[in-house]
Every structure is written in structure tokens, then in C-alpha cells.
Amino acid sequence: AGVIHEGTLKRLIPGEYDPNTGMVEDETVTDSCRAIFDNQQPLQDLFPDFVPGASDELVYLEGLTEMQPREGDSLETAGRTFAVIRTSDILRAQGLYSMIVRAEGA
């Protein structure tokens, strides 16, 4: 209990220009998921080309049905919002992902 967190992966999709309002209306797409944080595995082992910052964390994500995570997405889980910094499709299975995330405001 308390290890697997329910979450939501979010992506902002740029909208089209509306000449009537003079605005661009962006759209947010979401997908539900489950997340497990790992503070034992060194980030450099999974992402050797990445130099992690002090607030970067490793999370494993599964259960997505509509989208695959990518850099620039956000993840809401464990009562916080995280920016997705790096992502990898484990075994190219499109069902389990390792990601480096950073809490927003960190």
C-alpha cells in the first residue's frame, strides 16, 4: 500500500488561431496511469546521456491506453505535478516506461 500511485499524464496540444477572438486556444489531452517512484536506481544507469539535478526523480509508469509519454508532458501523481524531462519505453513494449521527472516549482 502507498507504493503504486494513481496518476494522470497530460499533454498540451497547440490549438489553431481563431480570427474572431484573436486567440489561440490550446487543448489538453490526458491519460490515466499508475506510477512507482524509484530512489534506489541511479538515474545515470538508465539515462547515461543525462546529468540529473538534485530534484530529478526516477518514476516508472504503466497503464496508459491513449498516449505514450514524451518530454514536455506533465504527470500528476502522489499529490504533486511533475514535468517529464526524459522518457524511455522499457523493452519497446509500449506499456511500461521509465521517466525522469522534476516536481514543478522545484
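I began with Arg92, which is exposed at a relative accessible area of 71%. My cut-offs are these: over 50% relative accessible area is exposed, under 20% is buried, and in between is partly exposed, with a 1.4 Å probe and protein chains only. This is a predicted model, in which local features need pLDDT of at least 70 and side-chain atom pairs count only at pLDDT 80 or more, while totals for chains, interfaces and linings use all residues. Residues are numbered from 1 along each chain as its sequence is written, and side-chain values use heavy atoms, with hydrogens and water left out.

**Entry 1: the loop between S7 and S8**

I placed Arg92 in the loop between S7 and S8. Helices (H or I, at least four residues) and strands (E, at least two) are DSSP runs, numbered from the N terminus. Although Arg92 is not a glycine, it has a positive phi of about 55°. I noted the background rule: most residues other than glycine have a negative phi. Leu91 lies in this loop too, and its phi is near 55°, again positive in a residue other than glycine. Leu91 counts as exposed, because its relative accessibility is 79%. S7 and S8 form a hairpin with 6 residues between them.

**Entry 2: the whole protein**

I then counted the elements and found 1 helix and 8 strands. From the N terminus on they run β-β-β-β-α-β-β-β-β. The C-alpha trace spans about 55 × 30 × 30 Å along its principal axes. Of the 106 residues, 29% are buried. The accessible surface comes to about 6800 Å², and 47% of that belongs to carbon and sulfur atoms; the areas come from the Shrake-Rupley method with a 1.4 Å probe, and for residues only the protein chains shown count as cover.

For charges, I found 8 positive and 19 negative side chains, with the centres of the two sets 4 Å apart. Lys and Arg count as positive and Asp and Glu as negative, while His and the chain ends are not counted. Each charge is placed at NZ of Lys, CZ of Arg, CG of Asp or CD of Glu.

I also looked at contacts (heavy atoms within 4.5 Å). Among contacts with a separation of 6 or more, 54% come from residues 24 or more positions apart.

**Entry 3: how the strands pair**

Two strands pair if DSSP finds at least two bridges between them. I followed the pairs from S1 (residues 5–13), which is joined to S4 by 9 bridges and runs antiparallel to it. In this pair, Ile13 has Glu27 in S4 as its bridge partner. S4 is also joined to S5 by 5 bridges, again antiparallel, and Arg34 stands opposite Glu62 in S5. S5 (residues 56–62) pairs with S8 in the antiparallel sense over 7 bridges, with Val59 opposite Met99 in S8. S8 pairs with S7 as well, antiparallel and over 7 bridges; there Val84 stands opposite Val101.

How many of the 8 residues of strand S8 are buried? I found 6, so S8 (residues 96–103) is largely enclosed by the rest of the structure.

Phe82 lies in strand S7 (residues 80–89). Is Phe82 buried or exposed? Phe82 is buried, because its relative accessible area is 2%.

Rings of Phe, Tyr and Trp (its six-membered ring) pair if their centres lie within 6.5 Å; planes under 30 degrees apart count as stacked, over 60 as edge-to-face and the rest as tilted. By this rule I counted 1 aromatic pair. The pair is tilted, because the rings of Phe37 and Phe82 have planes at 50°, with centres 5.4 Å apart. Phe37 lies in strand S4 (residues 27–38) and Phe82 in S7, so the pair ties together parts 45 residues apart in sequence. Phe37 itself is partly exposed, with a relative accessible area of 24%.

**Entry 4: Ala54**

Last, I looked up Ala54 in the loop between helix H1 (43–46) and S5. Ala54 counts as exposed, because its relative accessibility is 91%. The C-alpha atoms of Ala54 and Arg11 are separated by 25 Å, and the two residues are 43 residues apart along the chain.
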